[in-house]
Amino acid sequence: MSRIDKLIAELCPDGVRYVEVAQLFNLRNGYTPSKSNASFWSDGNVPWFRMEDIRANGGVLDHALQRVPGVAVKGGKLFPANSLLVATSATIGEHALVTVPHLSNQRFTSLSIKSDYADQIDMKFMYYYGFVLDEWCRNNTTTSSFASVDMTGFKRFRFPVPPLEVQREVVRILDQFTQLEAELEAELEARRRQYEHYRNDLLMGDGVKRHQARLDELFDLRAGKFITASEIVPLPDSRHTVPCFGGGGLRGYVASPNQRGDLVVIGRQGALCGNVKRADGEFYATEHAVVVTPRDGVDIRWAFHLLTSMNLNQYASKSAQPGLAVGTLNQLVVDVPRANEQLCIGSVLDKFDALVNDLSVGLPAELAARRKQYEYYRDKLLAFKEAV
């Protein structure tokens, strides 16, 4: 019997209490200080959290990417340290534990523990149970005009409250999984930086004889075709088996292709425009993607790595909806090695790329396996028999 099983058998053999969110936590909505008041956005010392903080720095946070001054805080009252921030509108299904006094934007609802439960709760345990709440939020969202969580049901969602010793043992075990995953991610990131170094050296180094050419001399670049959103499904099924590429990369799956071959696709619209994907076989390219067909004597593998290394997003228009014009891409000038050297460079970089991005081999495969293992044990450790 494991230590967690012994603790449960000793401390809560008949099950544990489950307590509703509204009973367990004080709830407050986040907000954005007025953007028209310049003084609210300079010389700040109050962390102001957004979804970008979770994306950049993970789920346990002690600093924010942006700060606001105290004068921007309504009533001067901050969200207390050790509160959960739960995304309840727009991008739903993510959360964070913030360990310092703070604010957040309006996409989040702040959950701070009520004083009656302060000595019964380990907030890191609540953070881990927040993943169960995330799943509930994703399944209880209204999308009439703006995606938002059913807040009546949200307040009734119930957290388990096992004895503190049990909470801390669950946290200890899950922290170990998290640490191992973080170490693998750090090692993989180091490999990616190494890959980018060798890629740039091979593509731009002086050791290869080359000439210069515009992209339209090397490739035929054409935008894809419009397709309605209702014709695209997020996951493949028996009818929708063809990958569909849009401005941000793979958008979903459709019933019929409009492209065939070993080609490259560049996103041309949206914040992620300039991303480069390899598409081999049948696929669909929407009007928000550019299909790159190599001309005679140009190796497709070399072309993919060359375009990936060019950070094409830097050439996007700076409008509210960034876009990459085909005419702009056509005029870009690059160094071109001889055909046999393109083959060699493409082959070497394909192998490097697989080592850091292919989920079926090496570190990426190990990281994916660890994540599945972590999620499996997290679900088991957080499933408690309810006391009657």
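Rings of Phe, Tyr and Trp (its six-membered ring) are taken as a pair if their centres lie within 6.5 Å; planes under 30 degrees apart count as stacked, over 60 as edge-to-face and the rest as tilted. On that basis, a search of the whole structure returns 15 aromatic pairs.

The model is predicted, so local features need pLDDT of at least 70, side-chain atom pairs count only at pLDDT 80 or more, and totals for chains, interfaces and linings use all residues. Residues are numbered from 1 along each chain as its sequence is written, and side-chain values use heavy atoms, with hydrogens and water left out. The mean pLDDT (the predictor's confidence in each residue, from 0 to 100) is 91 for the protein, with 98% of its residues at 70 or more.

I turn to two pairs. Strands (E, at least two residues) and helices (H or I, at least four) are DSSP runs, numbered from the N terminus. Both Phe-25 and Phe-159 are buried, that is, under 20% relative accessible area, where exposed means over 50% and partly exposed in between (1.4 Å probe, protein chains only).

Tyr-198 and Phe-352, by contrast, are stacked, with 5.5 Å between centres and 10° between planes. Tyr-198 lies in helix α6 and Phe-352 in helix α10, 154 residues apart. Tyr-198 counts as partly exposed because its relative accessibility is 37%; Phe-352 does so at 26%.

Finally, ring pairs join Phe-25, Tyr-129, Trp-136, Phe-157 and Phe-159 in a cluster.
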